[in-house]
Amino acid sequence: ESTLLASASNDSMIKLWSIPKSADDCNGLQPVSEFHAHPKRPSIVKFHPTVQNLLVSTGTSGCVRLWDIENNSDPIYEYTGFNNIVNCVSWNLEGSLFAATSKDKSMKIIDPRTQKIVSEQKKVHSGSKGSRVVWCKRLNRIITVGWDQEATRQYKMWDPSNLSKPVEEADMGAAGSVLMPFFDEDTSILYLGGRGESGVNFYEVKENKIYYISGFSPKNPQKGLAMMPKLNLDTSSCEIARILSLTKKGIIPMSIIVPTKHSGFNSKIYPDTFSTEPTTSFAEWFADPSLTAIPKEVSMQSVSDEEEYTVKKQFTPKKAPKVSSSGGKKEETVASSSSDKALAAAQSEIKQLKNKINDLESENKKLSDKLATFDALNKQLSELKQTIKEMAEKETTEKAVVEEGEELAEKAEEN
């Protein structure tokens with residue numbers, strides 16, 4: 001249900017809201033359902049991506065619970081194996097497994113229907129702060145963000161079938177703010193923003209590699225971030241993502257737009273995206289552990305052309321500030337996409353940098369060779385100087401001996 005919203009609060013309650021199509025009907029909105037979720041406040045609440053009416057919640061008490069929202073008196077599944085707060089949960093493509101990270105430094109992949117831990121990494125990040133996780137569904141890779149023991153922020157990429165070591169990792173500098181990860185399945189772009197910071201960085205994700213693309217830095221620090229659903233984007237302006245930033249001044253939308261001369265819908269920028277329509281019912285999914293729930297796909301063009309798609313049209317915010325990576329000017333545009341055309345400039349720049357690195361390495365090798373030659377010549381010069389010194393000393397000694405012999409000869413003649 002694309003208009004259903006779930007929220008969690010410090011009173012341990014989870015509430016479900018039906019968002020009306022008209023903004024005029026939002027005043028005085030009341031929840032359609034609410035229930036007590038955890039002994040302590042919930043930390044995360046998320047819908048299953050494809051199973052109808054299935055909700056997952058995590059608590060500060062270290063447990064993960066699954067709920068059938070039509071019958072929410074008791075959770076249909078509960079896992080209590082974490083020793084601290086569960087910070088994040090993310091589902092795989094088939095909707096059969098979820099990855100969860102905790103402040104106890106562990107990450108577990110769990111099958112809730114068989115109630116088994118499929119895989120586990122006890123120290124996903126060595127830092128004491130909690131990590132976050134996102135499952136890249138089409139790539140079947142897991143990305144975590146956290147800290148090492150020196151409080152340096154880092155990201156790691158994991159193969160879900162082997163959590164013994166990451167397939168890719170990198171440090172991102174020392175900082176104390178929590179990183180919030182968002183992954184766009186259509187463009188394979190990872191967005192990372194820090195709570196309390198100003199700005200978002202984005203990266204292109206390949207099967208075993210992550211590449212930095214760009215970023216932008218608006219003026220206002222963000223308390224939280226959320227990504228607008230793909231079906232709500234403005235395809236007429238080539239908007240590939242919209243990130244909502246919660247600040248002291250309110251919610252500020254930030255658009256990522258691909259500059260193009262193409263007018264109308266651009267299929268190269270908008271591949272088919274995941275639909276919000278459920279793949280299966282909760283009862284069918286839970287009864288059969290072998291049943292997969294791969295998301296349905298829908299053309300972005302069909303959504304763009306659909307006249308009755310009123311939610312998108314009525315909830316489109318005012319023109320978002322399109323900020324650049326150089327400093328928050330409202331009239332500039334941030335461009336990013338993993339498609340060939342959208343990333344051509346970035347790939348060209350990367351290629352130029354690689355060529356420059358190769359040139360510098362070649363020049364460095366030449367200089368190293370010259371330095372080695374200079375060292376060898378310098379050594380030969382030192383040896384030559386030492387030889388000359390020894391020869392001079394020998395010559396002085398011989399001269400002294402000759403002079404002494406001459407003196408003795410003169411004395412002998414006098415006598």
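Predicted model: local features only at pLDDT ≥ 70, side-chain atom pairs only at ≥ 80, totals over all residues.
## Basis of the model

Local features are taken only where pLDDT is at least 70, side-chain atom pairs count only at pLDDT 80 or more, and totals for chains, interfaces and linings use all residues. Residues are numbered from 1 along each chain as its sequence is written, and side-chain values use heavy atoms, with hydrogens and water left out.

## Overall make-up

The protein contains 24 strands and four helices. Both are DSSP runs numbered from the N terminus: helices are H or I runs of at least four residues, and strands are E runs of at least two.

The protein has 415 residues, and 42% of them count as buried, meaning under 20% relative accessible area with a 1.4 Å probe, protein chains only. Its accessible surface is about 23,100 Å², with 49% of that belonging to carbon and sulfur atoms; the areas come from the Shrake-Rupley method with a 1.4 Å probe. A contact means heavy atoms within 4.5 Å. Of the contacts between residues at least 6 apart in sequence, 46% join residues at least 24 apart.

Strand S6 covers residues 64-68, and because five of its five residues are buried, the strand is largely enclosed by the rest of the structure. In a regular strand the side chains alternate between the two faces of the sheet. In S6, Val 64, Leu 66 and Asp 68 lie on one side, Arg 65 and Trp 67 on the other, and all are buried.

Two strands count as paired if DSSP finds at least two bridges between them. S6 runs antiparallel to strand S5 (residues 54-59), and five bridges join them. Within this pair, Leu 55 has Trp 67 as its bridge partner. The hairpin of S5 and S6 has four residues between the strands, and Gly 62 takes a positive phi near 95° there. S6 also pairs with strand S7 (residues 77-79), over three bridges in the antiparallel sense. Here Val 64 has Tyr 79 of S7 as its bridge partner.

## The S12-S15 sheet

Four strands form an open sheet in the order S12-S13-S14-S15, with antiparallel pairing. Strand S12 (132-136) and strand S15 (168-174) are the edge strands, each pairing on one side only. From one strand to the next, the twist averages 15°; axes are lines fitted to C-alpha atoms, and angles run from 0 to 180 degrees between N-to-C directions.

Six bridges connect strand S13 (residues 141-147) with strand S14 (residues 152-158) in the antiparallel sense. Met 157 in S14 stands opposite Ile 143.

Technical notes:
Buried < 20%, exposed > 50% of the residue type's maximum accessible area, 1.4 Å probe, protein only.
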